[in-house]
Amino acid sequence: TRSTQKMASCMKYFTLSILTVINLLNYMDRFTLSGILQQLEDYGFKQPFDDTQGGLLQTAFIVSYMLLSPIFGYLGDRYTRKYIISVGILLWSVFTLTGSFATNYWFLLATRCLVGIGEASYATVAPTIIADLFPTHKRLRMLSVFYIAMPLGGLVCVCVWLCPLASLVCRALGYIIGSEVVSLAGDVLHDSKAQSWRWALRVTPVLGAVAAVVVLLFVKEPPRGNCETHRHRSVRARSGFRAYAGDVKYLLQNKTFLSSTVGFTAVTFTTGALAQWAPTFVVRMSRLLSPEHPFTQRYASLVFGVVTFVAGITGTVCGSELSKLLGHWTLKAEAYVCSISMLLATPFLYAAITTASESLYPAWICVFMSVFCFCLNWAPVAAILLYSVVPTRRSSAEALQILISHLFGDAISPTVIGVVSDSIFRRIKPYHNYEYYSKAVGTQFSLFLNVFVCVLGGAAFLVTTLTVERDRKMVQVLTEVKRPKIQREDSSVVSSDDFDERKELFATEVTNNR
């Protein structure tokens, strides 16, 4: 009936909203430490730590996140996904809260490693649920809503409580929730600088626990492949090591998946480095340009959060809409958007780093444009993966892409930037009595690594344009091939590996003949 259809439609958007809010919380937590990094280095513990150790805090989280992703990808293709999300988010909340009680650097580092469990369980599964909720012509726009949380997880913490559209306010919240909550704790609770940073890690765990309960009780999970064709609904991947090895083999032979993953790795490398070091870089440069009135960590985090907030929303939405517009003329629209945006981001990023030594205000404009270009990628990259991989292997594909992109991306970039910065600092410090100069120049030169990575990312997405149309058509054929009637105990399980191989061979032949 019409009322039933309306209710089902409302449930779809309710589920999308819940998943987006959880994505918001994940990215808020991920970038909270970036908003208080300078204060944490100086006052967090009795023994101050250097830039290398500061970068390692983010790297530790990313390493655990990427190593656990394949496990949750395997589970997400085979078991009830909302249970996986709920358990993972609860564990993430517990470990984040535990980190706020750290008594030394290594305790905090260990808890950041464990926090990766929550995001690994969520990031590999949530996009596949959205793909099963919405048909192809709506999917890209819905993914852009979901991925708005990625560039915005670091605007004012009270937005979480007061704004009904808080699901749209997210990496910006991470930076601001870190700096603003620390300031509030110092003013209201009269905590010292050595203690006030702990309150920045005590906001998101409470909200995360509530979100996990909502998912468990109110979210209705759609069947896998629900929006593909009637012949590919309610399917589930086979269990066992051999089946998972088959999934990995399929993905490693998928040229579109591989090249888009390399391009996305460049995105994560650059954004991970900027997320960790941009506010600190601005503070250090301001001490050179205006020693009497330098920027505080709080002010730098606030401005960078607002810049990221505006650029993130506009970039993510524009990336989705531009891909839909170009999609009327070509099946390669998303790949073109990704490649052009990465190549456009390169000169803006270079200009931001170089102009910061002369004036910070032009640098903010260049930062805005580079973040805008990076955020054009989020929804199109997700769409490329979803329509170039069959439904029964999408969670595994998300997991493998997370593993590769973070292993060579933001798992190493914060630490690499920190190590290079410290190395340059030690080399030039003997020639300059002004320590702030050595620190600022070291950070500036280390950030230039991101410019070269941007060029590589743009080249990888250009390669994607050569294969994406063929792989997209192949998936369409795979999901339309009629299945033979095979007797089996569990009717939801896909047919044998031999049948899958014959079907893929048939799809390849059909696609080549088109």
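Here is a chat about a predicted model and the words used to describe some of its residues.

Biologist: Let's start with Phe218. Why is Phe218 called exposed?

Modeller: Exposed means over 50% relative accessible area. Phe218 has 51%, so the word applies. Phe218 lies in helix 11, which covers residues 204–218, and touches Met11 and Phe14, leaving out residues up to four places away in sequence.

Biologist: And what makes Val213 partly exposed?

Modeller: Val213 has a relative accessibility of 42%.

Biologist: Which residues make the nonpolar surface patch?

Modeller: Phe14, Tyr83, Val213, Leu216, Leu217 and Phe218 make the patch, about 580 Å² of it. Helix 11 gives the most, with four residues.

Biologist: How many aromatic pairs does a search of the whole structure find?

Modeller: Five. In one of them, the ring centres of Phe264 and Trp378 are 5.6 Å apart and the planes stand at 80°.

Biologist: Why is the pair of Phe264 and Trp378 called edge-to-face?

Modeller: Centres within 6.5 Å make a pair, and planes over 60 degrees apart count as edge-to-face. With 5.6 Å and 80°, Phe264 and Trp378 therefore form an edge-to-face pair. This pair links distant parts of the chain, 114 residues apart: Phe264 is in helix 13 and Trp378 in helix 17. Phe264 is buried at 10%, and Trp378 is buried at 4%.

Biologist: Then what makes the pair of Tyr350 and Phe448 tilted?

Modeller: Planes under 30 degrees apart would be stacked and those over 60 edge-to-face, with the rest tilted. The planes of Tyr350 and Phe448 are at 40°, so that pair is tilted. Tyr350 lies in helix 15 and Phe448 in the loop between helix 20 and helix 21, so the pair ties together parts 98 residues apart in sequence.

Biologist: Are Tyr350 and Phe448 buried or exposed, or partly exposed?

Modeller: Tyr350 is partly exposed at 45%, whereas Phe448 is buried at 17%. Together with Phe445, Tyr350 and Phe448 form one aromatic cluster.

Definitions and conventions:
Residues numbered from 1 in each chain as written. Predicted model: local features only at pLDDT ≥ 70, side-chain atom pairs only at ≥ 80, totals over all residues. Heavy atoms only, no water. Helix = DSSP H or I, 4+ residues; strand = E, 2+ residues; numbered from the N terminus. Buried < 20%, exposed > 50% of the residue type's maximum accessible area, 1.4 Å probe, protein only. Contact = heavy atoms within 4.5 Å. Patch = residues over 30% accessible without salt bridge, like charges linked within 9 Å, V, L, I, M, F, W, Y side chains within 5 Å. Areas by Shrake-Rupley, 256 points an atom, 1.4 Å probe, with all protein chains shown as cover. Salt bridge = Lys/Arg side-chain N within 4 Å of Asp/Glu carboxyl O. Phe/Tyr/Trp six-rings, centres within 6.5 Å; stacked < 30°, edge-to-face > 60°.
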